[in-house]
Amino acid sequence: MWLRTSCDLKFYITTPTPLVLMLRPRSGKNQWIAYEEYKIIPSVPVSEFTDIYGNLCQSLVAPVGDFSIHTSAKVMTSDSIDTRRGAPFVEIQNLPESLLIYLLPSRYCESDRFSQMAAEITQGELLGYDQVVAITKWLQDNISFEPSISESLVSAVEVNIRKYGVCRDFAHLGIALCRSLSIPARMVVGYLHELEPMDLHAWFEAYIGDRWYLFDATQTELKAGYVAIGYGRDGADVAIYNQFGPSLYPSSQNVQVEHIDEN
């Protein structure tokens, strides 16, 4: 399916502020970027680099005053989400070395704190994909999805205690539970067609049966329309912008995803 994604951010800058942005989706197995538009007003020098996770990032210094960023892309995505009940657990010694980082505890995914809980949730399940399905179902049954809540990042342990959260919180807890079972898991941020309310979205992927599979406990069923922007260990790695200076929040943020004709 063809989608047009867009994100508009506006800031008021009080002092020259270095920013690192992560707003460009990249082509990959499940998405192809046919066209992009990227505008920064006022225009400033920008350098682009690829981070250690393969994400496309832009570095700049925002000047004092009104500052806005507009990105849009025409993207061809898969018409369905791959699922595979029974896909096997990959033993640690057979994992690609580049994936071992996704087995370790990280800032917001304290996987070393969830071994017993994960074992209880997945008791009786086949090792691998079926375990992650059980984790996703547990999240849906036990954590309340509150998309209107806007708070600072919280960890998987905190989400499990308070029993509610936004999409990134579901992803953090799902990742921590997977890693505690020695299943590599990573966070993804991007767009989702027909997301309600519309905003940037977060979900997680687990490595099973020698490939990554998508899981999203905030949705009652998986359907086509995901566009990934960034991958990382947790929310600290996939922020769409990081400022280096005074706290900075958008004065406005507008995200749109629409289905378009192929032509």
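These legends describe close-up views of a predicted model. Local features need pLDDT of at least 70 and side-chain atom pairs count only at pLDDT 80 or more, while totals for chains, interfaces and linings use all residues. Residues are numbered from 1 along each chain as its sequence is written, and side-chain values use heavy atoms, with hydrogens and water left out.

**View A. The second largest pocket.** A pocket is found on a 1 Å grid over the protein atoms alone: an open set of points with protein on both sides within 12 Å along at least five of seven lines. Lining residues have an atom within 4 Å of a point. The volume here is about 500 Å³, taken as the space filled by probe spheres set on the points, with grid points joined across faces, edges and corners. The lining holds 24 residues. Lys29, Asn30, Gln31, Glu205 and Tyr231 lie nearest the centre. Elements giving two or more residues are β10 (201-208), β11 (211-215) and β12 (226-232). Helices (H or I, at least four residues) and strands (E, at least two) are DSSP runs, numbered from the N terminus. β11 gives the most, with 4 residues. By class, the lining has 9 nonpolar, 8 polar and 7 charged residues. Nonpolar covers Ala, Val, Leu, Ile, Met, Phe, Trp, Tyr, Cys and Pro; charged covers Asp, Glu, Lys and Arg; the others, Gly among them, are polar.

**View B. The largest cavity.** A cavity is a set of grid points where a 1.4 Å probe fits but cannot get out. The count comes to 2 cavities of 30 Å³ or more. The largest cavity holds about 50 Å³ of space. Its lining includes Thr5, Leu23, Glu36, Tyr38, Ala73 and Tyr191. β2 (17-24), β3 (31-41) and β6 (65-77) each give two or more residues to this lining.

View C. Among the lining residues are Cys167, Phe170, Trp203, Phe204, Phe215 and Asp216. α4 (167-180) and β10 each supply at least two of the lining residues. The lining has 8 nonpolar, 1 polar and 1 charged residues.

View D. Ile33 sits in strand β3. Ile33 counts as buried because its relative accessibility is 12%; buried means under 20% relative accessible area, exposed over 50%, partly exposed in between (1.4 Å probe, protein chains only). Beyond neighbours within four places in sequence, Ile33 is in contact (heavy atoms within 4.5 Å) with Pro25, Arg26, Ser27, Ala73, Lys74 and Val75. Phe49 is 16 residues from Ile33 along the chain, and their C-alpha atoms are separated by 18 Å.

**View E. Strand β9 and its partners.** In β9 (residues 185-192), 8 of the 8 residues are buried, so the strand is largely enclosed by the rest of the structure. Two strands pair if DSSP finds at least two bridges between them. β9 runs antiparallel to β10, joined by 6 bridges. Ala185 stands opposite Ala206 of β10. β9 also pairs with β12 in the antiparallel sense, over 6 bridges. Met187 has Gly232 of β12 as its bridge partner.

**View F. An open sheet of 4 strands.** The order is β4-β5-β2-β13, with antiparallel pairing. β4 (47-50) and β13 (241-243) stand at the edges; each has a single partner strand, so one side of each lacks a neighbour in the sheet. 4 bridges join β4 to β5 (residues 56-62). Phe49 has Cys57 of β5 as its bridge partner.
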